[in-house]
Amino acid sequence: MLKTRENLIEKIERDIITYLANEIGEYYKEIVVILNDNIIESLGLEYIVPNIYDFSNVGVCQFVLSVLTQKGRVVSGNVYITILNSFRKERYIYLEEAYTVLFLSGVDITPFIDNLAALFKNDENRLEWVGLF
Amino acid sequence: MRPYNVYGLILDKLKPLLLKEWSKDKRRHYIKGEIYLFLDDENMEKLGFSKLFKVIGYEKYPTRRIILRYQYSIYKKKEYDTYNVDVSSLDLTVIHADIEIQYLDFLTLTLLATAKSVEDIENAISVLYEVIEKALLNRGKREKAIYNEWMNSEIGELVALHKAL
């Protein structure tokens, strides 16, 4: 049993990263996609970024998964989103932290994380693949 | 009524709880901690949490639990041969996603702007007292329940299984 809230947060964050790495099958991956209503809804970004729909279809977002392993086990890592709008203003958000706090606040984060894993695995609509980013 | 009077009412009401928390380790002068407030729809409205998230611009927000960080100072006032212990600099912060929101300032001004009478303000402060009291009393149980909730979640279970293999 974990004794402190910090330990609980660290455990959930590490579990999220471990789950994503297992699902995606890679320890480092970057993708760039158009930020649209579908991305916002499927990843629960309405919970994380205020007025997020203002960015819909006027910006792109980059997702980066970076995992550090030791003897095949996930030691640490992070998954972050960078939102770039039309004026190239950037906002970085560490999603494992945000999702963990959402879970602690009683929000079901499982579909969001599953959708994030699917987004990383899906090669369609990725801008860098068609030379647009 | 000026804002600091509302703040004063909140501080006075919460003082017994804050002093009780401090009494667990009286060496501390600065106390900081986090609690989980379990709320229903009515309390979400009464305590202004729904409004707080809407004002900031969130399309969706938690409706069952709020993570609240409290911090305050203890000071001892010498009066003749005895010391009186008092509380000051209370701050309440909502932890949400990747940000921290100054809740006490928001509540103080919202009550000032919306309450029709002092009784309305006192009623809201009583609700705040009740939810914080329950959260402090059940802190261990709630943390354990949340831990179990994670371990029984799809991701928690799968990762535990993966580690065991």
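This is a predicted model: local features need pLDDT of at least 70, side-chain atom pairs count only at pLDDT 80 or more; totals for chains, interfaces and linings use all residues.
Which exposed residues sit on the face of α5(A) turned away from its buried side? They are A:P111 and A:A118.

## Helix α5 of chain A

Helix α5(A) covers residues 110–121, twelve residues in total.

Four residues of α5(A) are buried: A:F112, A:I113, A:L116 and A:F120. They lie on the same side of the helix, because their arc around the axis is only 95°. An α-helix has 3.6 residues a turn, so residues three or four places apart point the same way. A:P111 and A:A118, both exposed, are on the face turned away from that buried side.

## Chain A overall

Chain A has five helices and four strands. From the N terminus, the elements run α-β-α-α-β-β-β-α-α.

The chain holds 133 residues, and 34% of them count as buried. Take the contacts in chain A with a separation of 6 or more: 60% of these join residues 24 or more positions apart.

## Chain B overall

Chain B has seven helices and four strands. Along the sequence the pattern is α-β-α-α-β-β-β-α-α-α-α. Its C-alpha atoms fill a box of roughly 65 × 40 × 25 Å along the principal axes.

Of the 165 residues in chain B, 25% are buried. Among contacts in this chain with a separation of 6 or more, residues 24 or more positions apart account for 69%.

## The sheet of chain B

The four strands of chain B form an open sheet. Their order is β1-β2-β3-β4, and the pairing is antiparallel. The edges are β1 (30–38) and β4 (99–102), each of which pairs on one side only. On average, neighbouring strands are turned by 35° against each other, with direction ignored.

Strands of a sheet pair through backbone hydrogen bonds, either parallel or antiparallel. Here β1(B) and β2(B), the latter spanning residues 65–79, run antiparallel and are joined by nine bridges. One pairing can be located by residue: B:E34 has B:R69 in β2(B) as its bridge partner.

## Where the chains meet

The contact between the chains takes 27 residues from chain B and 30 residues from chain A. On the chain B side, β2, β3 (82–96), α6 (139–151) and α7 (154–164) each supply at least two residues. Helix α7(B) gives the most, with six residues.

What is the make-up of the side of chain B that touches chain A, in nonpolar, polar and charged residues? It divides into 14 nonpolar, five polar and eight charged residues.

## B:I146, a residue in α6

B:I146 belongs to helix α6 of chain B. Leaving aside residues up to four places away in sequence, B:I146 touches A:L104 and B:Y36. One of these partners is in chain A and the other in chain B.

Along the chain, B:I146 and B:Y36 are 110 residues apart. Their C-alpha atoms are separated by 9.8 Å.

Why does B:I146 count as partly exposed? It has 19 other C-beta atoms within 10 Å. A buried residue needs 20 or more and an exposed one has 12 or fewer, so B:I146 falls in between.

Key: Residues are numbered from 1 along each chain as its sequence is written. Chains are lettered from A and ligands numbered from 1 in the order in which they are written. Two strands pair if DSSP finds at least two bridges between them. Axes are lines fitted to C-alpha atoms, for helices over the stretch in contact, and angles run from 0 to 180 degrees between N-to-C directions. Two residues are in contact if their C-beta atoms, placed from the backbone, lie within 7 Å. Ala, Val, Leu, Ile, Met, Phe, Trp, Tyr, Cys and Pro count as nonpolar, Asp, Glu, Lys and Arg as charged, and the others, Gly among them, as polar. The expected span of a helix is 1.5 Å times one less than its number of residues. The arc is that of the directions from the helix axis to the C-beta atoms.
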